[in-house]
Amino acid sequence: MKFNMKRIPEYIKKNSSRAKKDLQEQAHDMFRNAVDEEIVWTNHIIGNGVLGINENSTDVYTKWLANQRLKDIGFKPIYTGEKYEKNPYSHLDRIADTGG
């Protein structure tokens, strides 16, 4: 069964503000844990060994991406600050395009 990301915002609209707040808090906790683990893993595997990628940019990218995914499902972003508003790897999008 494929999970449909559109169902979360639909659920939020149909339920009370308290249900939304509880769900957002749970999502934030899960995202924080996932982001922390992803940063540790990526730095272990890649570290500063790839041109254009370093431990700081990995941290910023992972948190930026988490914010994007949270917004996609109708939640507020976790990470604040100007550095989390732009993809630090946007220059790599051209070579990562696998759309065919």
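A helix's expected span is 1.5 Å times one less than its number of residues; helices here are DSSP runs (H or I, at least four residues), numbered from the N terminus. Keep that handy for the first stop.

This is a predicted model, where local features need pLDDT of at least 70, side-chain atom pairs count only at pLDDT 80 or more, and totals for chains, interfaces and linings use all residues. Residues are numbered from 1 along each chain as its sequence is written, and side-chain values use heavy atoms, with hydrogens and water left out.

Colour by pLDDT (the predictor's confidence in each residue, from 0 to 100). The protein's mean is 85, with 88% of residues at 70 or more. Among its elements, H3 has the highest mean (95) and helix H4, residues 93-96, the lowest (70).

Now select 17-45, helix H2. Its 29 residues should span 42 Å, and the end C-alpha atoms sit 41 Å apart, which agrees.

Next, show Asn43, which belongs to H2. Is it buried or exposed? At 18% relative accessible area, Asn43 is buried (under 20%; exposed is over 50%, partly exposed in between; 1.4 Å probe, protein chains only). Leaving out residues up to four places away in sequence, Asn43 touches Glu55 and Thr58 (heavy atoms within 4.5 Å). Other buried H2 residues include Ala27, Val35 and Ile39.

Step past the end of H2 to glycine 47: its phi is positive, near 55°.

Last stop: Val50, in the loop between H2 and helix H3 (55-72). With 37% relative accessibility, Val50 counts as partly exposed.

Key: Helix = DSSP H or I, 4+ residues; strand = E, 2+ residues; numbered from the N terminus.
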